[in-house]
Every structure is written in C-alpha cells, then in structure tokens.
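Try each task before reading its solution.

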Amino acid sequence: MGEILGREVPGVAAVNEREWAQRLKTEMDRLGFTYDAAAPARLARYHTLLSQWNEHMNLTGDTDFDSAIDRLYLDSLAPLVNEEMFPQGASVIDVGTGAGFPGLPLAIARPDLQVMLLDSLQKRLTFLAAVVEELGLENVKLHHARAEDAGRNPQLREQYDRALARAVAPLPVLCELLLPMVRVGGEMLCYKGPAASDEWQAGEKAAKLLGGGKLEHIPVLLPTQPDWAHCVVRCAKEQKTVRQYPRKAGTPGREPLGGFDKNKSKS
C-alpha cells in the first residue's frame, strides 16, 4: 500500500496530478499528522476521477482543485491531528459517504484503517468502486443501504470502532444514524459547522437514548482557512442501543429525537 502509483496519466492530467499531489503534501505536512507516503499521489488521482465522473454524474458541486483541497480533502483529514480519534487499525463506517468524504481520504491517508463506505445511491457506489479499484485500496469496502436499514442489519449494527458522517443534518438525526453502528467502547464522530451549538441540547438527549455518553466539541483547524468554525462532535458509546432504534427509514429526519425543532435548524 505504500508504493507510489505506477500508472501514468497522460498529458495535462499528469501535470495537474503532480502539482496537486505536491500541494496536498505541503498542506498535510502543515496540519501535522502521520500519513502514508503514497497518500498525496492517490488523493490527486482521486480528484482527477472525481472531476471526470462529475461531468456526467452529480457527485459534488465544485471540483475546482483550489477550493476542493480545503473543502473536501483537508477538511476530511484534519481530525487525524488528534491521534486518539482514529486509533491504529480501527474499523470505521462512513454513513452517507456521497462521493467518499470523509471516509475515502481517511482510508487513503491511513491504510491501517478498515473503512466501510455506506450510501443509499448505487450510482455513487459505482463511482467509489471505480476509485477503490484504480487506487488499489484493499482497506475499503462498500455497502448499499439507507442508514436506518443498515443500523438494523446484524452484520453492521454495533460492529465499528468509529462511525462518522460529514453531513448536513442536525446532531439528533446523526446520533440516531451513527450510534447504532458503534460497538460499546467505540465513538461517533460528526463533522459539523457552526450550527452544532444550536443542536447541542437535543443532540445530548438523543445520544443518551441511543447509548451514547456526553457530546464533546473538538475544533477542526485548517491553517489555510482560519475563519472556518468547523468541528468534530465526538460521542463515546457507553451502552448498547435499544432495539427500537434506529427507527424506520425517513423517520429520524422527519421526527428528530431530543425534542429538536428541525424548522429552526441552521444545518
């Protein structure tokens, strides 16, 4: 897994990927976490594939690398600075992964992590399967399901050291989608923005119902984006989730736990 990609990409794409890989390496070094030597080149190739597929499939909004390097890649990787957040060899499930963020950059940077990418749309998983094959990522698996259904699947329920999401959803909703996946002793990790503070009280109530402990706010700092108020909301799984959760597909979003008023959410 540590070797630099051998496949050459002809012409302009090859030049772009070399430049992107160098920029990624520079900024990853500035963040100050340990990563696989091949990660910058693999992330650059990932971006080429994302840009190509996004021309005929709506995977993400803007694929311009100047904005994507912070918005997609570094934002996904920044929590690795906190070494306790992703222990060596941890099993990780990325719920609602979309185009692969944050789970795929994490798997690329840390080949020791065993990463499951979960999404409800098969076309996204078709794209991700192509990336996984192209990059030779032996530590990544894919699963097609709604998060609520996956949380009731015995093969996935309470099987992971870490369940995470980088999603525009209120904390109480994320608690119901993520905590059922986490084994007792593991953690839920929610990538959030400024709205986290407005969702905190309901999020803590929801977490308690689902077997979680107190929520913890971990700031996520990017040197290139000092004004971003991003964070990871961290919650340890203290008890097994009772059988009634997660509720049937769609219910967590329509009727969030913890008395949360979704009509007032800024998420």
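## Exercise 1: The end of the chain

G259 is exposed, with a relative accessible area of 75%. The model is a predicted one.

**Task.** Find where G259 sits relative to the helices, and work out why G259 is classed as exposed.

**Solution.** 
- Step 1: G259 belongs to the segment that follows α9 (251–254).
- Step 2: The cut-off for exposed is over 50% relative accessible area. G259 has 75%, so it counts as exposed.
- Step 3: The C-alpha atoms of G259 and A206 are separated by 8.6 Å, although the two residues are 53 apart along the chain.

## Exercise 2: A histidine in a helix

**Task.** Decide whether H47 is buried or exposed, and list what H47 is in contact with beyond its neighbours within four places in sequence.

**Solution.** 
- Step 1: Locate H47 in helix α2, which covers residues 39–54.
- Step 2: Buried means under 20% relative accessible area. H47 is at 0%, and therefore counts as buried.
- Step 3: With those sequence neighbours set aside, the contacts of H47 are W20, T63, D64, F65, A68 and Y73.

## Exercise 3: Salt bridges and burial

**Task.** State how many salt bridges the count comes to. Then examine the pairs D36 and R42, R45 and E134, and E148 and R146.

**Solution.** 
- Step 1: The count comes to 20 salt bridges.
- Step 2: D36 and R42 are joined by a salt bridge with an N to O distance of 3.7 Å. D36 is buried, with a relative accessible area of 14%, and R42 is buried too, at 2%.
- Step 3: In the salt bridge of R45 with E134, the closest N and O atoms are 3.1 Å apart. This pair links distant parts of the chain, with R45 in helix α2 and E134 in helix α5 (residues 122–135), 89 residues apart.
- Step 4: R45 is buried, with a relative accessible area of 7%, whereas E134 is partly exposed, at 25%.
- Step 5: Salt bridges link E17, R45 and E134 in a network.
- Step 6: E148 and R146 form a salt bridge at 3.6 Å, N to O. E148 counts as buried at 6% relative accessibility, while R146 is partly exposed with a relative accessible area of 39%.

## Exercise 4: The nonpolar cores

**Task.** Find how many residues the largest nonpolar core has and which element supplies the largest share of this core.

**Solution.** 
- Step 1: In soluble globular proteins, nonpolar side chains tend to be buried together.
- Step 2: The largest nonpolar core here has 53 residues, and M28, Y46, Y73, F86, L104 and F127 are those with the most contacts inside it.
- Step 3: Elements that each supply at least two residues of this core include α1 (11–31), α3 (65–77), β5 (182–192) and β6 (212–220). The largest share, seven residues, comes from α3.
- Step 4: Zoom in on F127. Apart from neighbours within four places in sequence, F127 is in contact with Y46, L49, L50, W53, M57, L59 and A99.
- Step 5: There is also a second, separate core of 33 residues, with L179, M181, L210 and V233 among them.

## Exercise 5: The largest pocket

**Task.** Describe the largest pocket by its volume, its lining residues and their classes.

**Solution.** 
- Step 1: The volume of the largest pocket is about 760 Å³.
- Step 2: It is lined by 34 residues, of which G96, R166, A167, V168 and A169 are the closest to its centre.
- Step 3: α7 gives the most to this lining, with four residues.
- Step 4: Sorted by class, the lining has 19 nonpolar, seven polar and eight charged residues.

Notes:
Residues numbered from 1 in each chain as written. Predicted model: local features only at pLDDT ≥ 70, side-chain atom pairs only at ≥ 80, totals over all residues. Heavy atoms only, no water. Buried < 20%, exposed > 50% of the residue type's maximum accessible area, 1.4 Å probe, protein only. Contact = heavy atoms within 4.5 Å. Salt bridge = Lys/Arg side-chain N within 4 Å of Asp/Glu carboxyl O. Core = buried A, V, L, I, M, F, W, Y, C linked by side-chain atoms within 4.5 Å. 1 Å grid on protein atoms, 1.4 Å probe; cavity = no way out; pocket = protein on both sides within 12 Å on 5 of 7 lines; lining within 4 Å. Points joined across faces, edges and corners; volume = space filled by probe spheres on them. Nonpolar A, V, L, I, M, F, W, Y, C, P; charged D, E, K, R; others polar.
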